[in-house]
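Visitor: Could you take me through this model one piece at a time? I would like to begin with a single residue.

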Amino acid sequence: MTAPEVVTEPSVAPLALRGKRGIPGLRLFGLTHGLQRATLIFGLGLIALFLIAAVFAPLIAPYDFAQTAADGVKFGTDQAPNAQHWFGTSIRGEDVFSRVVFGARTALSVIAVSLVLSLLAGVPLGLVSGYLGGWVDRVLVLFMDAMYAFPSLLLAIAVSIGVAGGQSSRIGGVLATAIAITVIFVPQYFRVVRNATAVVKHEPYVDAARVSGASTPRILFRHILANVTQSLPVIITLNGAEAILTLAGLGFLGFGIEPTQAAEWGYDLNKSMPGVANGTWWPGIFPGTAIVIVVLGMTLVGESLNEVFNPLLRTRRAVNTDTAKESGDD
């Protein structure tokens, strides 16, 4: 999954967003129409379901993610869904429903850490590269392009092995996976912010700040930053979906977190494969469905936001609307 095509201008935020006061999230709905609004609401609903499961996992899940017995009685292995185990049990005798719910918490932790680290690294580097130019820009662009050209999953595997050092504890595994995903995301934020900064650095308000004696950090983070980050919410939502897929891919290939340390959907998918031929479908279908739901929700929200913030898409939609009205009048 690649970053969306976003055209950045000095003031690309829609006038409806800048001219009205109120709750920012609610103001977005005023810029959506018809199917686009339904898509945004549906995507937000799926994300809300994911967040509720992640935050309240200990309250929702009937058992712990690695629990194989209750009241001294073992659950049994590969049990079909029943009243006691809604999603059945795994080949290791764990409650599948509990692992799916706790897997949401692991996924949320990885997404949050990886996105924060990516923003902290990619945005400042993009600002510096786009504003200073010269050899600094050439070196950073060359380095980021080399990282971007590398196969993302292979890069994540290499970084994960180097960071984890063979350890797979919960904190270590989450941190290693998050850093591995961060390495993939940093070039995306760098390129978007760098290109936008190269455009707005010649604007009159930047020249005025420079003439008034403002320092370079003040110009970058006070005058330029706010005008080059309108497209970041779109990339963040789409990268959240990509983080889920990368985390699942690492877990499926055996570079994730041990099942006794944390629940992880990709790992559970891997361990469910041998039972598929025997008709044991439940240990794999439910973690897989959870991955699809989260990725679908974030992708729908990201595409809807892209239509709101992208000036080209807004112009095309306005032209199409005007054309339809003229045709109706005729």
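Guide: Gln-36 counts as buried because its relative accessibility is 9%. Buried means under 20% relative accessible area, exposed over 50%, and partly exposed in between, with a 1.4 Å probe and protein chains only.

Visitor: Before we go on, what kind of model is this?

Guide: This is a predicted model, in which local features need pLDDT of at least 70, side-chain atom pairs count only at pLDDT 80 or more, and totals for chains, interfaces and linings use all residues. Residues are numbered from 1 along each chain as its sequence is written, and side-chain values use heavy atoms, with hydrogens and water left out.

Visitor: Understood. Where is Gln-36 found?

Guide: Gln-36 belongs to helix H3. Helices (H or I, at least four residues) and strands (E, at least two) are DSSP runs, numbered from the N terminus. The C-alpha atoms of Gln-36 and Glu-303 lie 9.0 Å apart in space, although 267 residues separate the two in sequence.

Visitor: How many helices and strands does the protein have?

Guide: The protein has 14 helices and 2 strands. Of its 330 residues, 45% are buried. Among contacts between residues at least 6 apart in sequence, 74% join residues at least 24 apart; contact means heavy atoms within 4.5 Å.

Visitor: Back to H3, then. At what angle do H3 and H5 pack?

Guide: Helix H3 (residues 34-55) and helix H5 (residues 96-132) pack at about 105°, and their axes are 7 Å apart. Axes are lines fitted to C-alpha atoms, for helices over the stretch in contact, and angles run from 0 to 180 degrees between N-to-C directions. H3 is therefore roughly perpendicular to H5 (under 35 degrees is roughly parallel, over 145 roughly antiparallel, 65 to 115 roughly perpendicular, and the rest oblique).

Visitor: Which residues of H3 and H5 meet?

Guide: From H3 come Phe-50, Leu-51, Ala-53, Ala-54 and Val-55, and from H5 come Val-101, Ala-104, Arg-105, Ala-107, Leu-108 and Ile-111. By class, the contact of H3 with H5 has 10 nonpolar residues, no polar ones and 1 charged. Ala, Val, Leu, Ile, Met, Phe, Trp, Tyr, Cys and Pro count as nonpolar, Asp, Glu, Lys and Arg as charged, and the others, Gly among them, as polar.

Visitor: And how do H5 and H10 pack?

Guide: H5 and H10 also meet at an angle of about 105°, with their axes 11 Å apart. That makes H5 roughly perpendicular to H10. H5 contributes Val-123, Pro-124, Leu-127, Val-128 and Tyr-131, while H10 contributes Thr-216, Ile-219, Leu-220, Phe-221, Ile-224, Leu-225 and Val-228. The residues of this contact divide into 11 nonpolar, 1 polar and no charged.

Visitor: What does Ile-224 touch?

Guide: Beyond residues up to four places away in sequence, Ile-224 touches Leu-127, Tyr-131, Thr-197, Val-200, Val-206 and Ile-219.

Visitor: Next, Phe-185. Buried or exposed?

Guide: Phe-185, in helix H8, counts as buried, with 0% relative accessibility. Leaving aside neighbours within four places in sequence, Phe-185 is in contact with Ser-114, Leu-115, Ser-118, Asn-239, Glu-242 and Ala-243.

Visitor: What about the backbone: what is the phi of Asp-78?

Guide: Asp-78 has a positive phi of about 55°, although it is not a glycine. Asp-78 sits in the loop between strand S2 (73-74) and H5, and it counts as partly exposed at 29% relative accessibility.
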